[in-house]
Every structure is written in structure tokens, then in C-alpha cells.
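Have a look at the model first, and then we can go through it together.

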Amino acid sequence: MREAFGAVFDVRPGYLNTASIGVPPRHVADAVAAAHVRWRRGEDTSSAFTEAVETSRAAFGKLVGVPAASVACGATVSQFASLVAQALPAGSKVCVEPGEFTSVSLPFVAAGHRIVSTVDEADLVAVSVVQSADGAIADLDALRASGKPVFLDVSQAAGWMPLSLAWADFVVGVAYKWLMSPRGAAWLAVRPDRMDSLRPVAANWYSTGENYGTELLLRPDARRFDLSPTWISHVGAAVALPWVASLDLDAVRAHCVGLTDRLLTGLGLAPTGSAIVSIAGPAVEGVVSSVRAGRTRFACHLYNTIEDVDRVLEALA
């Protein structure tokens, strides 16, 4: 058991794998467990989850700096990337980082768009704010100054990095990493002037409010792009995201980056300012990490401590 930022975690020492799976605080896990009990007893109806969906929607908006009306709920990054990709004119040029995670890159490839390497020649820039493989941080100021339309994935950033992205055209993120919620929930923030550029290709009862019939009555805001929500995921997200949004995220970032800086400097490497780092070498016994792009990846979140980092340093000494 550990206490961090006013919450209790049951995470074991040596867990440095939040970039793959975030560990929930006890009060989030308890809310999800209670939802499973209600499900088992037949105590819920579909409408009982509406509050959780709207709470998580609003909290994601707060985390990225946009109003709830600009946020759609879905399930995965690739689903939302595909929505944007299918809306682009045929043969558009999309700038993607060479090592970008495929949930961001492949929907644009599958839609037949041309992948380019420079921002200047692009019709859209699709990039992770923090790269999955090595924690590299995108130059958001330069992207904003470029004036190019942008699709930003905050899945490896939201939860440890303060974000203010109302200027971006599209911002997507998932629940199960740094936001410490069950897998199955994701969100897309759409800038209001870009709302009409997207086609609701997965229109359904939740995005229209109509259970039967063939009349397409879209909701007036980003909810027109909603998928029918994964209920239990949103139960957890409705507790986790408002809590994360209430934290001093500058302090969270300082804590996380302080730990990765300790790891890198202890290995004689330069700090990167990211909560995710990767190093050449094998996995460390007694430490939960991941291998990405042929390197061992470590991720430090708010529940991690110096003890976790020193396990790695001692093993590699």
C-alpha cells in the first residue's frame, strides 16, 4: 500500500509500466468493484450510467482545456483517428512521426492518405504529445505557430502533464494509462469550428438520442460522434478523471519527471523532461516495465517512488 497525492494505491514496488497500464487508486477500484456488484444483482439500467459518462466527459475536457460540449466519448484512439481520417479530402498529406504509435498513423494510411515527413508540406499533422516508445515530447508551440491543422493524441500525456489544447483541431486520449481507469473509454475533443468537418460514421442511439427508426437527428455538439459507452469503464473514469483534474498537475509532472531524471542521471544519461524513458538493455528482474522498439521502457507516475527507480539502478550497476 502506498499513499500519493491524497490517494491510496495497492501497487507493488517496482511497477514502472504506466505507459502500458495505469494502476488505479483504491477509491477508483472500489467504485468499479461496486459497479460489478450492482451488475451481478441486476440493479442497474442503461440510464443509470449517464451521469458517469457525462462526468468523465467533462473531466477529460478540463484536463485538455476544452468545454464538455466539445468532447465525444468512444473506445479507442484508432476509432477517433479513423473518424478524422475519413473526413479528409482524398489523397491528403498527413505528417506523422516515423516512430508514431500505429493507432495514430495507420487510420490515415488505411484511408489512402499520403504520409509525409515535414509539417510544411502537410494538410494535417497527426502526432502524440508524448511518444509511446521513448517519451519524446512534441513541440506544441511550434505546431501551434505553424498554423497547420493538428490531431493530437494525449494518451501518454494527460494525467501527468498539464495541458491547454483548446487551440488544437482534434485531441484524443484513452482512459487506461495515466488516467488510471478501466480500459474501454476514450475521448475526442473537437474544436467547435471543426465540428461540421466530421461525418458521424458510427451514428447510433447514444449519439442521436433515438432508439428506433431511420431519421438521423444528430446532437448539436460533439456528442454526435459518441459511441454507445462502455459502462463500467466510465464508472471508473467518472471517479478517476475528476480526481486527476483536481490535482496540481505541475506538482505531478515535477514528481514524475524527478523520478525519470534520477533514473537517467544514475545511468549517466541526460534527462529528457518526460515521465517515460527508454534505455538500451534487457528488462530488470523485480521491475515491471515494457520493451518498445527494441529498448526497455520505464514510466513513472504519481504512485511511484525513489525505491522503484533505485531498483533499476541497483540491478544495472
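How near do the axes of helix α3 and helix α4 come, and at what angle do they cross? The axes of α3 (residues 77-87) and α4 (residues 102-110) come within 8 Å and cross at roughly 30°. Please keep in mind that this is a predicted model, where local features need pLDDT of at least 70, side-chain atom pairs count only at pLDDT 80 or more, and totals for chains, interfaces and linings use all residues. Residues are numbered from 1 along each chain as its sequence is written, and side-chain values use heavy atoms, with hydrogens and water left out.

**Helix contacts**

- Helices (H or I, at least four residues) and strands (E, at least two) are DSSP runs, numbered from the N terminus; axes are lines fitted to C-alpha atoms, for helices over the stretch in contact, with angles from 0 to 180 degrees between N-to-C directions.
- α3 passes α4 in a right-handed crossing (the near helix is turned clockwise from the far one by less than a right angle; anticlockwise is left-handed).
- On the α3 side, the contact (heavy atoms within 4.5 Å) is made by V77, S78, A81, S82, V84 and A85, and on the α4 side by S103, V104, P107 and F108.
- These residues divide into 7 nonpolar, 3 polar and no charged (Ala, Val, Leu, Ile, Met, Phe, Trp, Tyr, Cys and Pro count as nonpolar, Asp, Glu, Lys and Arg as charged, and the others, Gly among them, as polar).
- Helix α2 (residues 50-64) and α7 also have axes that come within 8 Å and cross at roughly 30°, but here the crossing is left-handed.
- Residues in the contact of α2 with α7 include A52, F60 and L63 of α2 and H234, L241 and P242 of α7; by class, this contact has 12 nonpolar, 3 polar and 1 charged residues.

**Aromatic pairs**

- The structure holds 7 aromatic pairs (rings of Phe, Tyr and Trp, the last by its six-membered ring, with centres within 6.5 Å; planes under 30 degrees apart are stacked, over 60 edge-to-face and the rest tilted).
- One of them is the tilted pair of F9 and W243, at 6.2 Å centre to centre and 50° between the planes.
- F9 lies in strand β2 (residues 7-9) and W243 in helix α7 (residues 231-246), so this pair ties together parts that are 234 residues apart in sequence.

- A138 sits in the loop between β6 and α5 (140-146).
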